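Thanks for making the time this morning. I would like to walk you through how the two chains meet, and then go inside each of them, so please keep the view open while I talk.

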Amino acid sequence: MTIRDEHLRTALSLPVHRRHLLTVGFGGLFGLNLPNLLKADDTAARNGLAPRVKSVIFLHQWGGPSHIDTFDMKPNAPVGMRGDFNPISTSLPGVTICEHMPRFSKVLHHFTQIRTMQHRIKNHNAAGYYCISGHAPPIDDQRLRDSQELFPAIGSVVSRFRPGSDPALPSFVSFPHKIADGSQTPGQFASFLGKSYDPFYIGQDPNKSDFRLPELSLPESMTLSRLDDRRGLVRMIDQQARLLEDSAAAAGADRFQDRAVSMLTSSRLKNAFDLSQEPDKLRDAYGRTTYGQSCLLARRLVESGVRFVTVYFSRSIGNGGGGGDGGWDTHKQNFSDLKNRLMPMTDQTMPTMIEDMASRGMLQDTLLVWTGEMGRAPKIGDQDPQGRGHWPMCYTALIAGGGAKAGLIHGASDRTGAFPTTAPVRPDDLSATIFKSLGIDPASEMIDSLGRPLPISAGRPLDELFT
Amino acid sequence: MRLSFLRNFTSTIRQRFCLLALVCLMAGLGAERADASDGVVSFRREVLPLLTKLGCNSGPCHGNLTGKGGLRLSLRGEDAQNDWLTLTHDAYGRRVSTSVPEASLLLAKPGGLMPHEGGIKFRNGDSSFRVISQWIVQGATDDPNQAKQLEQLKVTPGQVWVEPGNDKTVRIQVLARWSDGTSTDVTHLSVFDINETSGATISALGEFQADRPGEWVVGVRYLGGHGVSRLVFLEDNPDFVWKEMTERTAFDKAVFNKLKRLRRLPSAEATANVLMRRVYLDLLGVLPTPGEIQAYESDPAPEKYEKLVERLLDRPEFADFWALKWADLLRNEPKVMGSKGNWQFQRWLRDQFSQDVSMKEFARELITTTGSTWSAPASSFHRTNRDPATAAETFAQVFLGYRFQCAKCHNHPSDIWTQNDYYGLAATFANLRRKEINNVRRDRFDKHEVNGDVVVYVQGRAQMVQPRTGLTLDSKPPGGQMLKDDDHGPNAALDHLANWLTSDQNRQFARNLANRVWFHLVGRGVVDPVDDFRDSNPPSNPELLDALENAFIEGGYRLKPLARQIVSSTVYRLGAHPSEKYPATEADFGRSTVRILSAEVLRDIVDQATGYQRPNELAPNGQRAGQLAAANTRGEEFMKVFGKPERLLSCECERSEETTLAQAFQMINGQTVREALESPGNRISRLLEMAGHDPEAAISELFMSALSRRPTTTEVNASRAFLARSMNQRKAWEDLVWATLNAKEFLFRH
């Protein structure tokens, strides 16, 4: 009988407090009153959606960074898996990092690591879409086509549900690339939400001395007074036709015209994009790379009030081991590429960025996310004997700020870094976490072009990562 | 074994209960049972619909593919038997306890007695609580073989006009008529959807409450049955007097009849110049030239507008413009069609509209043509729709105005379409094969790229497996007869579908196309969105839709006769400026719709107004943007920003009609506009020359070419003053032209 009871309890998985509740609950039936206990429970659930942060910086490492050679090293894995690099100790007791990120080792305590990111999509465009939209692609297709049938970028959903408070600033800014693997990766724009929620996209290199925004730069022939004259003439003509009073659409277009002119003439937005206002020393510390200066720009934009900033590491996935530009797709020469290019860049920029943000107190109200669309295969040898193949089954993502438990390592991978040994975290969960941090209920619905209600995220917010 | 667990569990529970509470509760249940009309609660007819009504089995909740909180139900109760098993047998029977009904999770969780992520759905004493608890008390049985099937859902009132001063509350009643001849009131089990939730609410028991005058449609669903109730709460317009309007067409009669009932007044007719500009933009997508305007202005004939319409319908731009609209819908896009395929298909479409073929023939050709897409371009329909499911969705959306997509994975929630309808239609296209000739991909990993010719052919029998039931379905048009068993020739399924679609009995084909033509010319469908015909989205003016359908049929299913009749109507000629008193809205068609022009039209009229010829790479052989075959924007940001669709969906909604900040930037400072303004050979050189001896004529020429009207005195004076104080006349004229291009009158169809 005891065995039976025991069995019963597990089978019913009725925790004690729940039974208690049941009793209390039925007691309440007499007065047809809701037990206070439940009421409290309910309020708590709603309060959970108070925003934790004002802004999000989403750093996307295009190509799929090797988790095994960076944050989740496996020195005890067999030869042929563990790789060339050695782990070194970090500011977190007992936690190691790759020897080629010595600066990072000193700031690791700022970050929360998710070691159990997992999905099953093996192609970059499809996996990249999953990562930046938070929705699983319909097919695992190397050239997944963007259309309104796919989901919008996380940032677009944010600008729909929690736009920035300053109308002179865009809610969602992305730069310095549109990512592509052959064809453009879906999920970077607003899809069915509509063009109003597209990111303010900047395809310029912030590391170049002539970095400027074409939209916000008038040609020399167009002085501000000339623009003013022009606007005056439009007003005069518009008054003749009375279309503005007759139509909300026309009046709306007029307001956009006003806003565009004020953006062109005001200095606020231009200042936010003006990296020359940063001390040279700090710019050097971020790294004089497209990525380094982009991260600095992200910080400036968030400071000025932009809600969501996405920085793409590179335009293309990889460089075939040839050095130069490109992403993290190290099918060839994984080790030399990581050691000579990818890790030095990361080790230059990320520690500077986190310390810069921390010293400015920005980590209280900003969530920083660092992730790629997949990890790399434990087994060494892919397109050349030194390469690692695609591996979405287990990889590491980092978050910091916004009340995330700094220094926490969430979950663990197995002894070769191949699979999570604890509950896996899907990109859906990461997007749900981002939404919740911004005070958006991940179960909120958006309407697609066919009028169907769709949840903004199918994931579960990782509340356990936050204090 | 299971039962003993259950007993054990309930006994545990029982010990913890106040005995009195139990006694009272049971007494309460007993009393409710006595109230019920026919005594026995049906799982399928009451409990399951109730769960649907409460939203328990909706997508975000337990109807989700993965369920919620460990409970997974079929979406909106599609799979009754499984749901019954899930509720009564799974989770060790905790969800439903017949011996201690009140311990059932099915009552305790939504009843607010246990924590429930989905919140409290009912309370003790609610009718919902009564239904579920009675069902449990009675043994929680399923009733799969019940003789009763739902035959009809009767919603009362079907339509009601509530006079001002009356209570703004209407009680909606839903009666289910069963196959055994009996009827039951199922109001408390039905789901109510209001088409526009602002200003109105409806209770679970069908009590509709409006906060303001207005018009609402309440969609009602119960057990796969649908119905609507249309409710109009009239405004208090005591001194309303109808202003007599010329009724030129049946459309006018329909629109004015409704306005009279609503006691709203239409706008006055637009001025000749506004109307002329409008009809050029709507029929051809171009502007009238200053010369054409002058000729029209000085034409003394009373029916000069009708004559103008005749001339426009015969112009080649008409075919270009309507081919463009259909190329969007039929997804003539470069990746799958290849550049030659693009041009061939565009050419074919253009020919159809230029010859004004019957849309019956047009549809039949598209559906039944097989062979090479280069030599028989109508077969391109089967090239762009590369799998049976996509072909079915496109077919339903384009030719019938139905959105079938929902029914791919589950029965349509707000329509009659089931998964069987979906896969029955898809089966029609299931035996189509495509042979790619000389497909040299620029990117070998890109399976979507097909750039040579494609030969479409038919092989085998048109059949498809319905994934949920696993049954193989033969070809069947939605709402039509299944293809006969002995008729399985090679093209039998396609022919059968085309015959069904274009038969005179199929009213939906004509209704859908007539509605689309009205949408393109007037700016809003009578059914809106145009491809969302369903019971719960009825036409805003049924009489008007009937009139359109009749006109289309009488015109031999041809585009031009219907277009002629629409643009000749009084309704089409109304101005955008609302009536001073009791103004009608755009949705009533009582005033002209103001909407932003499409990307192609806008770029073309920027060029036309400025007299600019785009370089060859953007305008091969001098073609306008509206004439180009492909969907790609050739790197022109302008086109993308103004919403040129990529032609990946068969939905009019893919063409964005939003106004955005990016558009303002394009018009203010974008390359497309700047090039047109600053090009040395454009109209501005001519205007400068004219202005040398007659500045007023130059200003007039500018306004005529950009805004299709003469400038007002204010505009002439302001322009002259501006020119007079400018140092650089060329720049000053650029500024003036820029101002006309950025005027809302220019950017919007009005």
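Let me begin with the contact between the chains, where 68 residues of chain B are in contact with 64 residues of chain A; please bear in mind throughout that this is a predicted model. On the side of chain B that touches chain A, the elements that give two or more residues are α1 (2-16), α2 (19-35), β16 (595-596), α24 (661-669), α28 (713-724), α29 (729-742) and α30 (744-747) of chain B. Of these, α24(B) gives the most, with seven residues. If we sort the residues on that side of chain B by class, we find 35 nonpolar, 17 polar and 16 charged.

Staying with chain B, its division runs into domain 1 (2-137), domain 2 (150-233), domain 3 (358-502) and domain 4 (596-749). Where domain 1 of chain B touches domain 2 of chain B, the contact takes seven residues from domain 1 and six residues from domain 2. On the domain 1 side, helix α3 (residues 43-53) of chain B supplies the largest share, namely six residues, and by class that side has two nonpolar, two polar and three charged residues.

Why is strand β9 (residues 308-312) of chain A largely enclosed by the rest of the structure? Five of its five residues are buried, so the strand is largely enclosed. Both faces of β9(A) are covered, with Phe308(A), Thr310(A) and Tyr312(A) buried on one side and Val309(A) and Val311(A) buried on the other.

As for its neighbours in pairing, strand β1 (residues 55-61) of chain A pairs with β9(A) in the parallel sense over five bridges, while strand β5 (residues 172-175) of chain A pairs with β9(A), also in the parallel sense, over four bridges. Phe308(A) is the bridge partner of Val56(A), and Phe308(A) is likewise the bridge partner of Phe172(A).

Notes. Residues are numbered from 1 along each chain as its sequence is written. Chains are lettered from A and ligands numbered from 1 in the order in which they are written. This is a predicted model: local features need pLDDT of at least 70, side-chain atom pairs count only at pLDDT 80 or more; totals for chains, interfaces and linings use all residues. Two residues are in contact if their C-beta atoms, placed from the backbone, lie within 7 Å. Ala, Val, Leu, Ile, Met, Phe, Trp, Tyr, Cys and Pro count as nonpolar, Asp, Glu, Lys and Arg as charged, and the others, Gly among them, as polar. A residue is buried if 20 or more other C-beta atoms lie within 10 Å of its own, exposed if 12 or fewer, and partly exposed in between; C-beta atoms are placed from the backbone. Two strands pair if DSSP finds at least two bridges between them. Domain bounds come from an automatic or database domain assignment.
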